[in-house]
Amino acid sequence: MLPKAYRAGVPIGWGTDSSMKFSAPHPGYEFYARKQAGFSAEEMLKQATIESAEILGLSDRLGTIEIGKLADLIVLEDDPLPDITAAMEKAPVLVMKEGEIVCGRF
């Protein structure tokens with residue numbers, strides 16, 4: 001039902017908690033669940049960034065990479081579009097919070 005609603009124009013936000021009572025938290029849980037629901041990698045990335053910022057009313061400060069925005073970024077080793085769940089299995093190359101590098105492997 002969720003992909004149908006999304007494709008009909010219903011905004012779909014992103015969360016950090018699991019709705020499954022007995023599941024262990026996993027940073028890629030949302031990616032796995034949405035892939036199983038039939039979302040493309042491009043749709044998932046858009047939901048996790050641009051659309052979540054719009055839903056929260058924060059698109060003036062985050063959601064896209066632009067001058068003047070907060071610059072919260074993760075840089076992945078591989079292109080996530082061919083298989084987003086595979087990209088989530090690896091640690092990010094770099095994590096940036098508000099323009100400052102907080103961790104990375106160089």
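Let's start with helix α2, residues 29-37: Glu30, Phe31 and Arg34 are buried there. Buried means under 20% relative accessible area, exposed means over 50%, and partly exposed lies in between, with a 1.4 Å probe and protein chains only. Viewed down the α2 axis, the buried residues fall within an arc of 100 degrees, so they line one face of the helix. That arc is taken from the directions from the helix axis to the C-beta atoms.

What do the buried residues of α2 pack against? They pack against α3 (41-55) and α4 (84-88). A contact here means heavy atoms within 4.5 Å. After α2 comes glycine 38, with a positive phi near 105 degrees.

A word on the model. It is predicted, so to speak of local features we need pLDDT of at least 70, and side-chain atom pairs count only at pLDDT 80 or more, while totals for chains, interfaces and linings use all residues. Numbering runs from 1 along each chain as its sequence is written, and side-chain values use heavy atoms, with hydrogens and water left out.

Now the overall layout. The protein chain has four helices and three strands. Along the sequence the pattern reads α-α-α-β-α-β-β. Helices (H or I, at least four residues) and strands (E, at least two) are DSSP runs, numbered from the N terminus. Of the 106 residues in the protein chain, 22% are buried. Take the contacts with a separation of 6 or more: residues 24 or more positions apart account for 43% of them. The protein chain exposes about 7500 Å², and carbon and sulfur atoms supply 60% of that. Those areas come from the Shrake-Rupley method with a 1.4 Å probe; for residues, only the protein chains shown count as cover.

On to the core. In soluble globular proteins, nonpolar side chains tend to be buried together. Which residues make up the largest nonpolar core? There are nine: Tyr6, Ile12, Phe31, Phe39, Ala41, Met44, Ile84, Ala87 and Met88. α3 and α4 are the elements that give two or more residues to this core. The largest share, three residues, comes from α4. By definition, a nonpolar core is a set of buried Ala, Val, Leu, Ile, Met, Phe, Trp, Tyr and Cys residues joined through side-chain atoms within 4.5 Å.

Look at phenylalanine 39. Leaving aside residues up to four places away in sequence, phenylalanine 39 touches Leu2, Pro3, Tyr6, Arg7, Arg34, Met44 and Gln47.

Stay with α4 for a moment. Alanine 86 is in that helix. Alanine 86 has a relative accessible area of 36%, so it is partly exposed. Its C-alpha atom is separated by 9.8 Å from that of tyrosine 32, 54 residues apart along the chain.

Next, the sheet. It is an open sheet of three strands in the order β1-β2-β3, with antiparallel pairing. β1 and β3 stand at the edges with a single partner strand each, so one side of each has no neighbour in the sheet. From one strand to the next, the twist averages 20 degrees. For that, axes are lines fitted to C-alpha atoms, for helices over the stretch in contact, and angles run from 0 to 180 degrees between N-to-C directions.

Now strand by strand. Two strands pair if DSSP finds at least two bridges between them. How many bridges join β1 and β2? Three, in the antiparallel sense. Leucine 73 has methionine 96 in β2 as its bridge partner. Valine 75 stands opposite leucine 94 in β2. β2 and β3 pair over four bridges, also antiparallel. Here lysine 97 stands opposite glutamate 100 in β3.

β2 has two faces. Leu94 and Met96 are on the covered one, Val95 and Lys97 on the uncovered one.

Last, the loops. β2 and β3 form a hairpin with two residues between them. Glutamate 98 lies in the loop between β2 (94-97) and β3 (100-104). Its phi is positive, about 50 degrees, although glutamate 98 is not a glycine.

Alanine 71 is a residue other than glycine with a positive phi, near 60 degrees. At 28% relative accessibility, alanine 71 counts as partly exposed.
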